[in-house]
Amino acid sequence: MEIIRHIKVDLYGDTQHFAVAAKQMDMGTRYIAVTLTRDGVVYEIPDNAEVIVNMTKPDKTHVHNDGEKSGNEALIPLTRKMLQVHGTAFCEVQLYQNGALLTSATFEMEIFPSQRDENEIVHSSEYTRLENSIHAAREALQIAQDTQNEIEAAEALRRAAENAREVAEKAREIKESRREDSTAKIIEKCAERIEEAIRQTEECLQATQEAQKIIVSQSGLDAILAAVKDYYERIRELETDININVDGGTPTSTDLLLVKGGTPFTTDYDKYKAGTTHTI
């Protein structure tokens, strides 16, 4: 819902009367598209030039608003405050570039009254260009604030990373300490096992010594047994060399015959019953 009025305005010359017509209190719908000329020849608007519209409203208040370049035309939006007061308004277009300013000739805009009660209409000057500058400054401030926030966020992130690194280092130290504690415990257990082995070895050595004593004692016993066996064998040899027949007497005799063994190895005496023949 846009109405664009295309007009030509020279950069020189007198006021161009009744160039544009508009309705009071319209807003967001009406535009003026101005083609600038220089002595009747179309002027090429630089791409990076700022477009500005100056306006003296019928109530003698002023407007200083931004426009924009559209193709090779200066496109001027007619805001509600520009159309707030009915009557004849005087306008001009300015181009601003790198400190240079170029202004068109003046042209009139007739603003027809609305059927709305004028008492409800507040008359005031409009400085949307200033407001836009303020808005731009606020945006720049917001950008700066956002940038600062990003810087602070980056710094906070860096600090968080540093804190994380410190925590990781502390965790590594704790882990290393625990590892050292574990190593110490292992060494302690190893020492305990060595002590236990030494104790068991001592017990084994003592048992070995006791066993050696027993072996020595057993050897003595074995020597004694061997001697006894030797004596026994010698006696056996004597028994085979000496044969004695003894008359046992009469069978009715009850007397006991005492016979001396005759060997140097024993002091025992044999008892024989009378009447029985014995061979020694």
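Reader: In which loop is glutamine 24 found?

Author: Glutamine 24 sits in the loop between strand 2 and strand 3. Strands here are DSSP runs of E, at least two residues long, and helices are runs of H or I, at least four, both numbered from the N terminus. This is a predicted model, where local features need pLDDT of at least 70, side-chain atom pairs count only at pLDDT 80 or more, and totals for chains, interfaces and linings use all residues. Residues are numbered from 1 along each chain as its sequence is written, and side-chain values use heavy atoms, with hydrogens and water left out.

Reader: Is glutamine 24 buried or exposed?

Author: Buried means under 20% relative accessible area, exposed means over 50%, and partly exposed lies in between (1.4 Å probe, protein chains only). Glutamine 24 has 3% relative accessibility, so it counts as buried. Its side chain reaches the backbone nitrogen of serine 114 at 2.7 Å.

Reader: How many helices and strands does the protein have?

Author: The protein has one helix and 15 strands. Of its 280 residues, 22% count as buried.

Reader: Which strands pair with strand 3?

Author: Two strands pair if DSSP finds at least two bridges between them. Strand 1 pairs with strand 3 in the parallel sense, over eight bridges. There, histidine 6 has alanine 33 of strand 3 as its bridge partner. Strand 8 pairs with strand 3 in the antiparallel sense, over four bridges. Isoleucine 32 has isoleucine 76 of strand 8 as its bridge partner. Strand 4 is antiparallel to strand 3, over two bridges.

Reader: Why is strand 3 largely enclosed by the rest of the structure?

Author: Eight of the nine residues of strand 3 are buried, so the strand is largely enclosed by the rest of the structure.

Reader: Which residues touch the most other members of the largest nonpolar core?

Author: In soluble globular proteins, nonpolar side chains tend to be buried together. A nonpolar core is a set of buried Ala, Val, Leu, Ile, Met, Phe, Trp, Tyr and Cys residues joined through side-chain atoms within 4.5 Å. The largest one here has 29 residues, and Ile32, Val34, Met55, Phe107 and Met109 touch the most other members. Strand 9 gives the most to this core, with four residues.

Reader: How many salt bridges does a search of the whole structure find?

Author: Side chains of opposite charge can pair when their charged atoms come close. A salt bridge is a side-chain nitrogen of Lys or Arg within 4 Å of a carboxyl oxygen of Asp or Glu. The search finds two. One joins arginine 30 and aspartate 26 (2.7 Å, N to O). Arginine 30 is buried at 19% relative accessibility, while aspartate 26 is partly exposed at 23%. Aspartate 47 and lysine 69 form another (3.4 Å, N to O). This pair links distant parts of the chain, 22 residues apart: aspartate 47 lies in the loop between strand 4 and strand 5, and lysine 69 in strand 7. Aspartate 47 is exposed at 71%, and lysine 69 is partly exposed at 27%.

Methods: Polar contact = N/O pair within 3.5 Å; in protein donor to acceptor, adjacent residues only side chain to side chain.
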